[in-house]
Amino acid sequence: MKAATIQEIARGATQSVEQVLAERPGAGPAERQASLRSVLADWIEHAVKREVVNDRRRVRRRRA
């Protein structure tokens with residue numbers, strides 16, 4: 001994965017985490033934990049799916 005892509009995904013994840021924290025300013029760490037885990041899991045899933053697609057493209061290019 002390109003460094004720019006990793007940075008793009010990291011920025012998106014950071015923005016999502018900041019949004020969760022802003023939505024629950026009075027909540028304690030335990031209360032926010034589930035939301036943060038969900039948001040980060042979504043971003044990890046996004047990154048993995050993107051890499052799978054890119055790997056398939058690379059394989060097709062090499063076989064062609």
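I started with the length of H1. At 1.5 Å a residue, its 21 residues should span 30 Å, and I found the end C-alpha atoms 30 Å apart, which agrees. The expected span is 1.5 Å times one less than the number of residues. Helices here are DSSP runs of H or I with at least four residues, numbered from the N terminus.

The model is predicted: local features need pLDDT of at least 70, side-chain atom pairs count only at pLDDT 80 or more, and totals for chains, interfaces and linings use all residues. Residues are numbered from 1 along each chain as its sequence is written, and side-chain values use heavy atoms, without hydrogens and water.

Next I checked burial (buried is under 20% relative accessible area, exposed over 50%, partly exposed in between; 1.4 Å probe, protein chains only). In H1 I listed Thr5, Ile9, Gly12, Ala13, Ser16, Val17 and Val20 as buried. They cover an arc of only 135° around the axis, so they sit on the same side of H1. The arc uses directions from the helix axis to the C-beta atoms. This buried set packs against H2. On the face turned away, I noted the exposed residues Ala3, Gln15 and Ala22.

Isoleucine 6 also lies in H1, residues 3-23. I read it as partly exposed, at 44% relative accessibility. From its C-alpha to that of aspartate 55 I got 15 Å, across 49 residues of sequence.

Last, I looked at serine 35 in H2, residues 29-63. Serine 35 is buried, at 18% relative accessible area. Beyond neighbours within four places in sequence, serine 35 contacts Val20 and Arg24 (heavy atoms within 4.5 Å).

Conventions: Helices (H or I, at least four residues) and strands (E, at least two) are DSSP runs, numbered from the N terminus.
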